[in-house]
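My notes follow the picture.

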Amino acid sequence: METSNDAYHRSDSKLENNLDIYLKALNSANSGIIITDNTQPDNPIIYCNKAFETITGYEHNEIIGHNCRFLQSQDRSQPERSILKACIEEGKECRVEIRNYRKNGTLFWNELYVSPVQNDKGEVTHFIGVQNDITDRKRAENDLREEKLSVEKKIQTRTQELIDNQAFLSSIIHTVRESLLVLDANYVVISANTHFLNTFKVSQEDTVGTLLFELGNHQWDIEALKELLIKILPTNNPVIDFEVEHDFPHIGKKVMLLNAYRVEFEGQYKDRILIAIEDITDKTEIDRRKDDFLSIASHELKTPLTTIKGLVQLLQRMPPESASEKYLTTLDKVGTYVDRLNNLITELLDTSKIRSGNIEVHNEPFAIDKTIRDTVESLSLATPNYNIVLSGATEAVILGDELQISQVINNLISNAIKYSPGAEKVDVHVSRVGDFVKVSVIDYGMGISPQDKKKIFERFFRARDIQKKFPGLGIGLYISHEIVANHKGTLWVESEIGKGSTFSFTLPIMKVDK
Ligand code: ADP
């Protein structure tokens with residue numbers, strides 16, 4: 001029969017069993033758990049689980065009986081501490097993230113939950129503290145915050161740089177002595193620099209926001225210019241040196257040189273067009289006077305020279321009976337030099353004629369192969385030291401001025417010889433390329449530098465280093481280029497310094513109706 005004593009013992013051991021399970025459960029938790037006794041002075045810790053010891057590094061006996069504040073070490077001015085203190089005083093629960101220190105002094109972030117335990121009378125007798133080491137999370141959060149700050153700082157610096165760059169560019173744009181306009185993709189002016197406003201005597205309000213073609217009295221409304229500008233954005237082909245002669249409002253008749261480019265500023269402003277406008281009225285006027293002078297001077301020189309030439313020919317035809325051999329050879333030399341002088345003057349005259357568009361063209365069909373052959377033959381006779389090797393044939397007929405085309409070939413071969421001292425050979429090659437004839441003159445001489453190549457077809461241009469060594473006026477290539485262009489062909493050069501040059505030109509073949 002069971003006594004009340006037995007029942008007491010059984011319930012006693014059941015209680016112990018339960019307590020044991022609870023303790024084991026608390027000890028296997030990952031969170032640090034403590035219980036403090038609020039009824040004792042300074043609220044000492046009366047229980048801690050294993051995880052609390054592991055997290056803090058303190059041993060059981062170093063923990064029990066102490067107030068939790070030892071975990072804060074000297075770091076006692078954290079605002080979380082006051083929050084914690086107030087909650088404990090008021091007997092409330094709270095959650096804080098607080099900096100704590102392990103026994104070995106290392107910092108760890110403690111996520112601490114504190115809950116009060118009340119007795120039957122509602123008095124707070126104990127507090128239970130549950131803590132988690134959230135150092136890794138805090139570090140990650142911190143790294144993220146720093147990263148964000150650094151990105152923000154970079155953005156700020158970059159923005160400042162862009163603003164500075166923009167200010168810098170804008171100060172350049174406003175001080176350059178060239179008129180500049182920026183257009184959007186619809187050719188509406190979005191900015192005009194001070195020089196533009198001053199030159200054309202217009203205001204910012206009249207200009208910005210207006211279509212380029214409607215500016216002033218429609219002075220830029222030029223069909224050819226429109227066509228070129230329309231191509232800029234899709235093809236990225238700039239407009240180079242487009243001349244506009246116009247009677248501008250306020251400033252009168254002027255010649256303006258226009259260059260236009262697509263602009264892109266660090267990936268921004270993609271579809272913008274920058275137009276640079278240079279007033280070349282004075283320069284054009286100087287050039288015109290120079291041309292007039294050249295034209296008049298060569299005319300004036302040509303007249304007496306023709307007379308001298310006639311007189312020399314007269315003397316050659318009727319030499320005095322007593323004339324010595326020396327007399328005759330000297331006369332021949334005079335004749336040769338008069339011819340050379342005559343050629344030079346003719347070239348000068350040609351340039352001024354080309355400039356003014358007054359060059360006479362006698363267009364007739366001619367067989368280009370024969371023209372080339374004849375020119376090569378006569379030059380071979382004049383320069384026996386050079387082997388001018390002609391290859392290829394086209395059997396093509398060209399409609400053009402044979403004399404002028406022969407002058408082009410003559411110029412190219414003469415240059416090939418002149419600028420390849422020491423070489424013995426010049427190759428001339430003719431071929432058909434589609435509807436065109438292509439003629440190439442290949443030399444193995446000094447070649448042309450890339451910088452010079454750009455200017456070689458300009459009037460009076462001569463490569464700097466050759467100026468003193470070789471005679472010449474720098475107009476042969478200019479004339480040749482213009483002649484070929486007038487015949488609807490192109491003349492160009494490929495060259496490598498020290499290796500030689502190849503000058504080639506094309507001419508359209510005359511279509512024969514069958
Ligand atoms: P010129 O021969 O009277 O100087 P050109 O107009 O024929 O005038 O040629 C212009 C310049 O181009 C020359 O001064 C020379 O510098 C360069 N040049 C022309 N042809 C050649 C060539 N075949 N090889 C190297 N340079 C050349």
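**Notebook: patch, loops and salt bridges**

I started with Leu 19, which counts as exposed at 53% relative accessibility. Leu 19 sits in helix H1 (residues 4–28); helices here are DSSP runs of H or I with at least four residues, strands are runs of E with at least two, and both are numbered from the N terminus.

Ground rules: this is a predicted model, where local features need pLDDT of at least 70 and side-chain atom pairs count only at pLDDT 80 or more, while totals for chains, interfaces and linings use all residues. Residues are numbered from 1 along each chain as its sequence is written, and side-chain values use heavy atoms, with hydrogens and water left out.

**Patch**

I found Leu 19 again in a nonpolar surface patch of about 430 Å², made with Ile 21, Tyr 22 and Leu 23. Patch members have over 30% relative accessible area and no salt bridge; nonpolar side chains (Val, Leu, Ile, Met, Phe, Trp, Tyr) are joined within 5 Å, like charges within 9 Å. Areas come from the Shrake-Rupley method with a 1.4 Å probe, and for residues only the protein chains shown count as cover.

**Domains**

I checked the UniProt record, an unreviewed entry, and it lists "domain: PAS" at residues 18–91. Such positions are in the numbering used here, feature names are shortened, and annotations may be inferred rather than shown by experiment. That span is 46% helix and 14% strand, and its end C-alpha atoms lie 28 Å apart.

The domain assignment gives domain 1 (12–140), domain 2 (165–279), domain 3 (291–356) and domain 4 (364–508); the bounds come from an automatic or database assignment. I noted 39 Å between the centres of domain 2 and domain 4, taken over C-alpha atoms.

**Positive phi**

Asn 43 has a positive phi of about 45 degrees although it is not a glycine. I placed Asn 43 in the loop between strand S1 (32–37) and strand S2 (45–48), where it is buried at 11%.

Glu 395 also turned up, with phi near 50 degrees. Its loop runs between strand S12 (387–391) and strand S13 (397–400), and Glu 395 is exposed at 71%.

**Salt bridges**

I got 26 salt bridges in the structure, each a side-chain nitrogen of Lys or Arg within 4 Å of a carboxyl oxygen of Asp or Glu.

Arg 69 pairs with Asp 42, the closest N and O atoms being 2.8 Å apart. Arg 69 lies in the loop between helix H3 (60–63) and helix H4 (79–90) and Asp 42 in the loop between S1 and S2, so the pair ties together parts 27 residues apart in sequence. Arg 69 is partly exposed at 35%, and Asp 42 is partly exposed at 46%.

Lys 138 bridges to Glu 97 at 2.9 Å between the closest N and O atoms. This pair links Lys 138 in helix H5 (residues 135–175) to Glu 97 in strand S3 (residues 94–101), 41 residues apart. Buried or exposed? I looked up Lys 138 and Glu 97: Lys 138 is buried at 15%, and Glu 97 is buried at 16%.

Asp 339 and Lys 309 meet at 2.6 Å, N to O. Here helix H10 (residues 325–356) supplies Asp 339 and helix H9 (residues 281–317) supplies Lys 309, 30 residues apart. Salt bridges that share partners also join Arg 95, Glu 97, Glu 111, Arg 137, Lys 138 and Glu 141 into one network.

Conventions:
Buried means under 20% relative accessible area, exposed over 50%, partly exposed in between (1.4 Å probe, protein chains only).
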